[in-house]
Amino acid sequence: MRANKFSKAVASIASLGVLALVSTAGAAEVAKHPRDLKFGPLDFEVPDATAARHELSNGVPVYVVEDHALPLVDINLTFRAGAFLDDESNPGVASLTGTLLRQGGTQSISAEDFDERVDFLAANISSGSGDTSSSASLDCLSTVLDPSLDLFFDMLMSPGFDADRLQVVKSSALEQMKQRNDDPRSIAGREWQWLLFGEDHFSSRSLTAAELEAIDSDDLAAFHRRYWRPDQLVIAVSGDVDTKAILANLESRLAAWPTTTDLVPVPWPPAAPSFTPTPGIYHVEKEIPQGRVSLGHLTESWSDWSDPEAYAAMVMNDILGGGGFTSRLVKRIRSDEGLAYSAGSSYSRGVFWPGVFSASYQSKNSTVALAAAIALEEISRIQSEPVSEVELRTAKASFVDTFPRRFESASSIAGTFAGDEYIGRPHDYWTHFRDRIGAVDQAAVQKAAQDLLHPEKLVLLAVGPWDEIGPGDADGRANMGQLLDGEVHHLPLRDPLTLEPMP
Amino acid sequence: MKRRFPSILGTAALVGMLWVPNGLGAAESGSQQAKVPVETFELDNGMKFLVVQRPELTTVSAGWVAHVGSANERPGITGLAHLFEHMLFKGTRTIGTTNIERDLEVIAEQEALQEELRQHYRDQRARVRRGEIDDPFDPAARTPEMIDLETKFAALIEEQRSLMVKDEFDQIYSEAGASGMNAFTTEDLTGYFITVPANKLELWFWMESDRLYEPVFREFYSERDVVHEERRMRTESTPTGKFDEMLGAMFWESHPYSWPVVGWPSDLRVISQQQAQDFFATYYAPNNITGVLVGNFDLAEAKTLAQRYFGRLERGAIEPPDVVTLEMEQVAEKRMLAECDCQPQAGIQYHTVPFHHKDSYPLDVMAGILNGRTGRLYKSLVLDQKIATSAGASQDSRKFAGSFGVNVEAKGEASPEQLEAAWYAELSRLQNELVPVEELQKVKNQIAADAFRGLESPFFLLIQLVYYDGLGHWEYLNEWSELTRQVTAEDIQRVAKAYFAPENRVVGLYQRKAGSVEEEMPEGFDEVPPEMQEMVKGQIRQIRQMESVEDLTGMVTMVEEQLGAMTSPQKEVMGVMLNAAKERLVELTEAGEEQ
């Protein structure tokens, strides 16, 4: 998070009345004002990824970062598995497999017993699964690393997927499903995803109650057998380990992992959505006092991690709406106009498919249009005018100053490098990061805004009561009909259990 | 408990406290213990420093602790220690104003008006005693003179605000890339802390010494009202707040722990700035303060800076007085029967021992036996008997005295009496049977591992040093592991018999008031360890009472920043509080827009 931002405006005001005040003898060497203090540079070098990288005999990469300050070990396995491998006729299996892996015991140890044993060792074991990756983690004292690894690998290789535990997880998932339309956030999140990526892509899929109900322990076991396997892995290890010893240990454990003879190929990278968003204004009706709005469009995916324009885009977005209180959207929508408490923008490049540029805010219904008009104005202004020197400096500093914190612990170093390998990002992305940010100038920011922001492609989604949102504010400063092409597509609310459009 | 992010981080730190100190080093081998190399030095004025060098970092987590808390107050000025914590963010002669001369004049004029008002409140209290009015602070009962004084006072506040640079203290730190500024007050200590980039350590010395050297208690009276609001939000508007306060006052008979840290409302209305000045002179003298640094810095340079900046402070004229009143022995059971808008619950509390007492270690281990998803309370009350949704126990070791508490929340139709009885059954097991070897070992292992995990983050290491030094013995950080390792099953049985007699307990039973509805907890609540759920609920209720969008936004930002560096269980705890804060933000803005 880069939230605490700079505000130089008050710097000179404060020192006016105080010049003569500090007079005590002991204070002679002390600067009169903290802004007069001079600081040296912050020394920091990015750790060496190559030195941390090792490979097991089956080709699995293992990043090891030793740190013997405390007798603790962290191990994280990332598997090429996830919703992208779900059978279309049986969605949700990948996700539940990830959840139940840890909770469902193993084939030889009951779920309860497994919990007891993990607790006895004071280990933390977890597992989970997302759209394009699944993972399992262990952290424990180095003194009990081996017995902890025994449990961890028993879980990984022969999970129990206990039916009772599955029932518990399913019933709580069903409870959450029932609340799908309670919170405008979840409505907006769902529809926004669909508007940009379509409903059919696995990353857009929301489970129905019937689909959830259809999943049983056998599905999970079958999915696990097919995809959670030792040849589809990136491993990160950190803490109190000897590199050689842990590599040998992992080598032998992976060798003992039973694999089926009919290994199915894992499609990699995961398939991108084949959807083209239609620009325009979209609306979902919901009786709330405050409309929730996103407007944006698809961006690029990362093909070249050294592309200077990518870094210029980061700085540009920071100035536009990504940089908290000092950013333009926050200043105008929140501070100047008082139209919303939260407003901001984000620009991201996708890893496996295009990313998203979006500005979003909440505002009382009658000023939703006004805030949108301001956002559009700011998007156009950052394209047509160069940003100020101060804005540029502040935005760049916020990236550079907080950069070292990413590498402050052994586990985040190992995790960052393993993550690079998983998504195909070169490690030197980090070595060059600060220089590339440093090279961004005012012209580059403006060019990035011109090249990468596309007002004609904007999709605007508003969730809230249309009879208040549509007409706009009482002073007639803006209404929804004036925005974009003025045409509004009213989207139906979906039934929370079937996701069918509701009348 | 400062004004921006009320108590949240303070509590998070205390959450860490509950887990970290109670264990021992690597029980399996006994070969490694959590020994932290702490360097110490002392300035001529008596200010002590504890420093831990961590050259691999690019930051310094820095803080200081004043050895003062609500236990150092007396009737009439309760809440002052906490109010002070707020005041120290109001700036100095240099920070926070555009015109210090006029600022100080305004403060003096305010003080004079308030002195007159206090005389009127004296009369108002007399009117209450005579039955003429019900509440001395009722705005409707003000005399014309009082209204006139308040009007004049309000004008002075306005003038002062026009001279102020709002939140400048905060701003200067933020501009420099510092993060996580906060403070907390307990019965025993007051701690202040922040994390700064390693190359800006001098800024920390400048800022912190400045607010001790030339503080200006700006907006004292409006901040007093803020604290009063905070009290209303935390204590008076939460379902169990008032009852918890009453239980605390019932529990401590003679000891100053009997009043709440936030203070009694009648005191908060009349505390004077002069009382604050006296308090400052006595308890915020350098000889009552310890500075703490954890991070990447040069030791010699840190010593030079400490001398240059904090060396400016003068040793206090008198040594801060000790707390001399001892808790009276309890001779009969006390019970509170409450009806509240809450899930039925039971809390049972026993007088035990203070921080670092030899029996605090077996009591900590005993709490460990009871806690956790595989602990006795959860297995018996939640899983087997299905009468509770959560249950937890803890030994609360304060500086001057301690207690052991058990809290259980009912499930379905279970009554608080059933919960109470179920606890007594568990207690008698502890009194009559030795804890099996394996179970004892499990707890020692968990305590050891969590202790090490607690040292991973430099920030939490700082907080522990602040906290233990505040309780009077920072060395505890490096000593408890061995002391806890020595705890035997016999020790646990002995303390279970020694401290848990019926006449030594205070029981609070909470019935749901007819017609009240069940409260819902935010997403992620189930992930919170069961023994912490009650505490977390309390925090969530406070968050749900917060009214300031700015405070909430600040809190969300800060927690999000620090979440990445946290480990279990802080991560789960802070995660769910974050969700609560976000929900509250949405509620507030929606409500605000409606007006």
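This is a predicted model: local features need pLDDT of at least 70, side-chain atom pairs count only at pLDDT 80 or more; totals for chains, interfaces and linings use all residues.
1. Domains of chain A. The assignment divides chain A into domain 1, residues 50-255, and domain 2, residues 280-491. Between the two domains, 32 residues of domain 1 of chain A and 29 residues of domain 2 of chain A make up the contact. The C-alpha centres of these domains are 32 Å apart.

2. Buried area in chain A. About 2400 Å² is buried between domain 1 of chain A and domain 2 of chain A, and 78% of that lies on carbon and sulfur atoms. On the domain 1 side, the residues that lose the most area to domain 2 of chain A are A:Y63, A:W192 and A:L195, which together account for 25% of what that side buries.

3. Polar links in chain A. Across the interface of domain 1 of chain A and domain 2 of chain A there is 1 salt bridge by the rule applied. A salt bridge is formed by A:R53 and A:E421, with 2.7 Å between the closest N and O atoms. The interface of the two chain A domains also has 6 residue pairs in polar contact, counting pairs with both residues at pLDDT 80 or more.

4. Elements on the domain 1 side of chain A. Four elements of chain A each supply at least two residues to the side of domain 1 that touches domain 2: the strands β2 (61-66), β3 (72-79) and β6 (233-239), and the helix α6 (184-197). The most comes from α6(A), with 9 residues. By class, this side of domain 1 of chain A has 17 nonpolar, 8 polar and 7 charged residues.

5. Domains of chain B. Here the assignment gives domain 1, residues 334-536, and domain 2, residues 542-594. The centres of these two domains of chain B, taken over C-alpha atoms, are separated by 26 Å. In contact with one another are 18 residues of domain 1 of chain B and 14 residues of domain 2 of chain B.

6. Buried area in chain B. Domain 1 of chain B and domain 2 of chain B bury about 1100 Å² between them, with carbon and sulfur atoms giving 70%. In domain 1 of chain B, the most area is lost to domain 2 of chain B by B:F460, B:P522 and B:V536, together 36% of what that side buries. Across this interface of chain B the rule finds 0 salt bridges, and there are 0 residue pairs in polar contact with both residues at pLDDT 80 or more.

7. Elements on the domain 1 side of chain B. Two or more residues of the side of domain 1 of chain B that touches domain 2 of chain B come from each of α15 (437-456), α16 (458-470) and α19 (530-545) of chain B. Of these, α19(B) gives the most, with 3 residues. The residues of that side of domain 1 of chain B divide into 10 nonpolar, 2 polar and 6 charged.

8. An aromatic pair. Over all chains the structure holds 64 aromatic pairs. In the pair of A:Y311 and A:Y429, the ring centres are 6.1 Å apart and the planes stand at 35°, so the pair is tilted. This pair links distant parts of the chain, 118 residues apart: A:Y311 belongs to helix α10 (residues 308-322) of chain A and A:Y429 to helix α15 (residues 428-438) of chain A.

9. Cis peptide. The peptide bond that joins A:W268 and A:P269 is cis, with omega about 0°. A:P269 is placed in the loop between α9 (243-255) and β7 (280-284) of chain A.

10. Positive phi. A:A122 is not a glycine, yet has a positive phi of about 55°. The loop that holds A:A122 runs between α3 (111-120) and β4 (124-129) of chain A.

How values were computed
Residues are numbered from 1 along each chain as its sequence is written. Chains are lettered from A and ligands numbered from 1 in the order in which they are written. Side-chain values use heavy atoms; hydrogens and water are left out. Domain bounds come from an automatic or database domain assignment. Contact means heavy atoms within 4.5 Å. Buried area is the accessible area (1.4 Å probe) that two parts lose on being put together, summed over both. A salt bridge is a side-chain nitrogen of Lys or Arg within 4 Å of a carboxyl oxygen of Asp or Glu. A polar contact is a pair of N or O atoms within 3.5 Å; within protein, one must be able to donate a hydrogen and the other to accept it, and residues adjacent in sequence count only if both atoms are side-chain atoms. Ala, Val, Leu, Ile, Met, Phe, Trp, Tyr, Cys and Pro count as nonpolar, Asp, Glu, Lys and Arg as charged, and the others, Gly among them, as polar. Rings of Phe, Tyr and Trp (its six-membered ring) pair if their centres lie within 6.5 Å; planes under 30 degrees apart count as stacked, over 60 as edge-to-face and the rest as tilted.
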